[in-house]
Amino acid sequence: MKHKIAPSLLAANFLNLGQEMEMINRSEADWLHLDIMDGVFVPNISFGFPILEAIREVVTKPIDVHLMIVEPQKFIADLAKLGVYMTNVHYEASTHLHRSITAIRDAGMKAAVTLNPHTPVCLLEDIIAELDMVLLMSVNPGFGGQTFIEHTIEKIAALKDIILRKQLHTLIEVDGGVNLDTAPRLIKAGADVLVAGNFVFKSPDPPAAIKALKEL
Ligand code: DX5
Ligand code: ZN
């Protein structure tokens, strides 16, 4: 399967969101990645439902929501109502992870678990069969524009081993510090979906940046 590109809205120009979304619609982006932060699970606050509602009216690409919040299960029904395609909950924020994943799927969305850089992939052994995707953080969540953590490459390989051993089709998404240096290595290691914030939106030519990642 050809890898997918999911530009992250966090790095977009919030004064020109309409134009930014038209650019995404016309681009080769596969999904749009939305980072929702609560200032508790991560030391930053991003945006919430008012922005999500506005965006889903205009965006034609599937929406990939990355919940960086405590108690993510509280918002599953609201996300489903808005037509979100994929919902990511953090392993570290979910006491009853199986219940949350089941609720996401029962609500009609694809379900993914996100791992912080320090969380080993072996912890997914007993839940991975229920997942459509695993999102590996390649930076500490909370901010765009951070430096890629190299250990992620080994984690992708270890996760891929688990997926193949169990004969699953779980996608592997990577988020943080994706650019033309890291992306080829991530794809080679087994990543299926690359999130890119600054590399796309701070580029002088964002559609070309998306195309460059897509063509790797
Ligand atoms: C970080 C977010 C990322 C962020 C990536 O907490 O989850 O999605 O937007 O930004 P870049 O691609 O700039 O590292
Ligand atoms: Zn993210």
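The buried residues of helix H1 are covered by elements that include strand E1 (4-7), strand E2 (32-37), helix H2 (49-58), helix H7 (198-201) and H8. This is a predicted model.

**Helix H1**

- Helix H1 spans residues 17-26, and Leu17, Glu20, Met21, Met23 and Ile24 are buried in it.
- An α-helix has 3.6 residues a turn, so residues three or four places apart point the same way.

**Helix H6**

- In helix H6, which runs over residues 182-189, the buried residues include Thr182, Ala183, Leu186 and Ala189.
- Their arc around the axis is only 130°, which puts them on the same side of H6.
- The cover over the buried residues of H6 includes helix H5 (152-165), strand E7 (171-175), strand E8 (193-196) and helix H8 (206-214).
- After H6 comes Gly190, with a positive phi near 125°.

**Nonpolar cores**

- The largest nonpolar core has 57 residues, and Leu34, Ile101 and Leu159 touch the most other members.
- Apart from this core lies another, of eight residues, among them Met86, Ala112, Leu171 and Val193.
- With neighbours within four places in sequence left aside, Ile101 is in contact with Val89, Ala111, Ala112, Val113, Ile127, Glu130 and Leu131.
- In soluble globular proteins, nonpolar side chains tend to be buried together.

**Ile172 in strand E7**

- Strand E7 contains Ile172.
- Ile172 has a relative accessible area of 0% and is therefore buried, the cut-off being under 20%.
- The C-alpha atom of Ile172 is 6.0 Å from that of Leu135, although the two residues are 37 residues apart along the chain.
- Beyond its neighbours within four places in sequence, Ile172 is in contact with residues including Met133, Val134, Leu136, Ile156, Leu159, Lys160 and Ile163.
- Gly190, Ala191, Asp192 and Val193 are also among the contacts of Ile172.

**Ligand 1**

- Ligand 1 is surrounded by 19 residues, of which Ser8, Gly142, Asp175, Gly197 and Asn198 are the closest.
- Ser8 has a polar side-chain atom 2.8 Å from an oxygen atom of ligand 1.
- For Asn198, an N or O atom in the side chain is 2.8 Å from an oxygen atom of ligand 1.
- A polar side-chain atom of His66 is 3.1 Å from an oxygen atom of ligand 1.
- On its own, ligand 1 has 380 Å² of accessible area, and the protein covers 99% of that area.

- Most residues other than glycine have a negative phi.
- Glu71, a residue other than glycine, has a positive phi near 50°.
- The loop between strand E3 (63-68) and helix H3 (76-81) holds Glu71.
- The relative accessibility of Glu71 is 38%, so Glu71 counts as partly exposed.
- Gln167 is not a glycine either, yet its phi is positive, at about 55°.
- Gln167 sits in the loop between H5 and E7.
- Gln167 has a relative accessible area of 69% and is therefore exposed, the cut-off being over 50%.

Methods
Residues are numbered from 1 along each chain as its sequence is written. Chains are lettered from A and ligands numbered from 1 in the order in which they are written. This is a predicted model: local features need pLDDT of at least 70, side-chain atom pairs count only at pLDDT 80 or more; totals for chains, interfaces and linings use all residues. Side-chain values use heavy atoms; hydrogens and water are left out. Buried means under 20% relative accessible area, exposed over 50%, partly exposed in between (1.4 Å probe, protein chains only). Helices (H or I, at least four residues) and strands (E, at least two) are DSSP runs, numbered from the N terminus. The arc is that of the directions from the helix axis to the C-beta atoms. Contact means heavy atoms within 4.5 Å. A nonpolar core is a set of buried Ala, Val, Leu, Ile, Met, Phe, Trp, Tyr and Cys residues joined through side-chain atoms within 4.5 Å. A residue is near a molecule or strand if one of its heavy atoms lies within 4 Å of it. A polar contact is a pair of N or O atoms within 3.5 Å; within protein, one must be able to donate a hydrogen and the other to accept it, and residues adjacent in sequence count only if both atoms are side-chain atoms. Accessible areas come from the Shrake-Rupley method with a 1.4 Å probe; for residues, only the protein chains shown count as cover.
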